[in-house]
Amino acid sequence: MSTADPHQPETPGESGATGSSVRPGTPAAPGARGTSGTPAASGQPGTPSASGVPGTPGQAPEQPSPSRWKFGDGVPPVWLRRVTIGAGVVIVLVLLGVLGSIVLPGWWAGVVTGLVQGVSSAGILVGLVCGLVFTVIPASVIWLAVRSTWTWRTRLIVAASAAVVALPNVLTLVIDVGTTSSAVDARLDMVIGSPSFTGSTLVGVIIGLIAVVGGVLGWRWLRRSRAELRKVRGAQGKKSRGRSRASRSETDTTASG
């Protein structure tokens, strides 16, 4: 029989029947255990951080540096783009040469003989015009495509399309040096119907290449000269402004004295 007073309230903690020594509404102490016996999270070392690397909170994983062949932005390097454009132009010219040596020599010989009609002076004029025009246009367009800010695919398409413009000169070369039966027959027709055309075309090609190279070098020289002139003018402007400020300061000093 218990001797405790039934009218006196029981003090918390004296009996283990309640199962807890913390009063309701009292905040738990730091590091205290919960009702399930699991320790609260306290940011212990080794806990994975937001970056996913244990023990290094707030640090992002290192990014691998791009190499010459692996580029992260999806754009090939400049040297690779230029090599690709050059290879594309060469492939197009080779295909045109193969096609010309098989199918087109007779057609081109008929076009040329129809224009020249056996007159030597006309052959010289037509040859010079063909060699010059069909060299300057594709070479200029290819250079612009290489130097432009377009995407590298657009540059390749433009350069390959410009190489097609050089088809008349390619056909003339194929007819002149080709060994196929179609090339030999076309060469005989051109010797009779368009004298002096082949040599004049070669001269026009050389003149066109010299003109393109000279134009590119002249443009670069003019651009460099303008940049140097702007620098000299900027330096002279700074000197003149400094002198004007110095003179104004001297004038103010004499006036105040």
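Serine 196 is located in the loop that connects helix H6 (181–193) and H7, where helices are DSSP runs of H or I with at least four residues, numbered from the N terminus. The model is predicted, local features need pLDDT of at least 70, side-chain atom pairs count only at pLDDT 80 or more, and totals for chains, interfaces and linings use all residues. Residues are numbered from 1 along each chain as its sequence is written, and side-chain values use heavy atoms, with hydrogens and water left out.

Although serine 196 is not a glycine, its phi is positive, at about 70°. Most residues other than glycine have a negative phi. Serine 196 has a relative accessible area of 35% and is therefore partly exposed (buried, under 20%; exposed, over 50%; partly exposed, in between; 1.4 Å probe, protein chains only). A positive phi, of about 60°, also occurs at glutamine 117, again not a glycine. Glutamine 117 lies in the loop between helix H2 (105–116) and H3, and counts as exposed because its relative accessibility is 63%.

Arg82, Arg147, Arg220, Arg223, Arg224, Arg226 and Arg230 form a positive surface patch. Patches consist of residues with over 30% relative accessible area and no salt bridge, like charges being joined within 9 Å; a salt bridge is a side-chain nitrogen of Lys or Arg within 4 Å of a carboxyl oxygen of Asp or Glu. The place of an Arg charge is taken as CZ. Helix H7 (residues 197–256) gives the most to this patch, with 5 residues. Arginine 147 belongs to helix H3 (residues 120–147) and is partly exposed, at 40% relative accessible area.

Note on methods: Patches are made of residues with over 30% relative accessible area and no salt bridge: like charges are joined within 9 Å, nonpolar side chains (Val, Leu, Ile, Met, Phe, Trp, Tyr) within 5 Å. Accessible areas come from the Shrake-Rupley method with a 1.4 Å probe; for residues, only the protein chains shown count as cover. Lys and Arg count as positive and Asp and Glu as negative; His and the chain ends are not counted. Helices (H or I, at least four residues) and strands (E, at least two) are DSSP runs, numbered from the N terminus.
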